[in-house]
Amino acid sequence: MKRRAVVAAVMGCVVLAAASCAGPERPTATATATADGRDAASTSASPAPSATATPTVDDAVAAARERMTAAATGRDAPGPEGLLVAAGSTGGALFVWESSDGRFCHGAALGVGTTSVACFTRPHTPPVGKEPRLVPLVRMMATGWNVVFGAEHETVESVTCDGVPVRVKDVGVMADGRRSVHAVEFPDLTLGTVSVRVRRGSRVVTETLALETFAKKDTARFASCGKPTS
């Protein structure tokens with residue numbers, strides 16, 4: 001009896017050791033035929049799925065910057081200030097910049113191999129005005145519905161959509177420091193206008209900024225802010 005107990009214990013250890021070597025893999029049952037024609041179940045280990053790391057926004061923006069740098073060449077290459085990030089996500093980024101001859105440019109690097117570049121043909125376009133104002137610069141679908149605008153002779157304090165605060169990104173400065181550049185983003189195409197609170201010296205006033213310039217007849221299908229632009 002003692003010998004049988006020892007043998008059983010040893011066999012038990014062998015089985016436990018074999019099971020521990022299999023790790024977290026889940027066995028998959030397969031049917032095999034026995035000599036008498038009945039099915040018997042045997043098990044084989046299936047490989048564990050490999051984990052893929054989700055890229056961070058910073059990683060995606062850095063990769064998009066490399067692609068945009070390679071795409072914006074010649075006359076459209078960024079000037080000394082380089083590329084300014086107007087919007088970024090894990091899917092890519094939207095950039096704005098001034099060329100060496102002072103032309104405003106913007107471009108998006110999204111997905112795999114999708115890159116676009118657009119620049120004004122004349123330097124200092126649009127020109128800096130003499131009075132305080134907001135200047136629309138970019139309205140496009142990139143990381144969302146992205147609207148980039150400039151502020152001249154005034155400081156942007158906040159943006160709201162029907163009274164609800166909208167996050168404003170301070171992108172940088174252009175036009176020899178005379179125009180600050182800002183950006184807002186919505187998840188999808190958004191119609192209408194937003195209210196922009198700006199400071200002009202000791203005065204605080206509210207301006208409106210159009211989110212799009214094209215007319216949409218079926219406005220019920222799209223989100224909207226403030227008053228319609230059409």
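**Close-up views of salt bridges, sheet and core**

View 1. Asp101 is partly exposed, its relative accessible area being 33%; here buried means under 20% relative accessible area, exposed over 50%, and partly exposed in between, with a 1.4 Å probe and protein chains only. The model is a predicted one, in which local features need pLDDT of at least 70 and side-chain atom pairs count only at pLDDT 80 or more, while totals for chains, interfaces and linings use all residues. Residues are numbered from 1 along each chain as its sequence is written, and side-chain values use heavy atoms, with hydrogens and water left out. The side chain of Asp101 meets that of Arg75 in a salt bridge of 3.5 Å from N to O, the term standing for a side-chain nitrogen of Lys or Arg within 4 Å of a carboxyl oxygen of Asp or Glu. This pair links distant parts of the chain, 26 residues apart, with Arg75 in the loop between H2 and E3 and Asp101 in the loop between E4 and E5; helices (H or I, at least four residues) and strands (E, at least two) are DSSP runs numbered from the N terminus. Arg75 counts as exposed, at 54% relative accessibility, and a network of salt bridges links Arg75, Asp76, Asp101 and Arg103.

View 2. Four strands, in the order E3-E4-E5-E6, form an open sheet with antiparallel pairing, where two strands pair if DSSP finds at least two bridges between them. Strand E3 (84-89) and E6 stand at the edges with a single partner strand each, so one side of each is left without a neighbour in the sheet. E5 and E6 run antiparallel and are joined by six bridges, and Cys105 stands opposite Cys119 in E6. Helix H2 (residues 57-71) packs on the sheet, where it touches E3, strand E4 (92-98), E5 and E6, and its direction makes about 50° with that of E4.

View 3. E9 and strand E10 (residues 164-166) pair in the antiparallel sense over three bridges, forming a hairpin with two residues between them, and Asp162 in the turn has a positive phi of about 55°. E9 also pairs with E13 in the antiparallel sense, over five bridges, and Val196 in E13 is the bridge partner of Val159. Arg199 forms a salt bridge with Glu157, with the closest N and O atoms 2.7 Å apart; Arg199 lies in strand E13 and Glu157 in strand E9, so the pair ties together parts that are 42 residues apart in sequence. Arg199 is partly exposed at 33%, and Glu157 counts as partly exposed at 37% relative accessibility.

**View 4. The largest nonpolar core around Leu134.** Within the largest nonpolar core, which has 20 residues, Leu134, Phe186, Val194 and Val196 touch the most other members; such a core is a set of buried Ala, Val, Leu, Ile, Met, Phe, Trp, Tyr and Cys residues joined through side-chain atoms within 4.5 Å. Two or more residues of this core come from each of strand E8 (145-152), strand E9 (155-161), strand E12 (179-186), strand E13 (190-200) and strand E14 (203-210). Leaving aside neighbours within four places in sequence, the contacts of Leu134 include Phe149, Val156, Val196, Val198 and Leu209, contact meaning heavy atoms within 4.5 Å.

Terms used
Axes fitted to C-alpha atoms, helices over the stretch in contact; angles between N-to-C directions.
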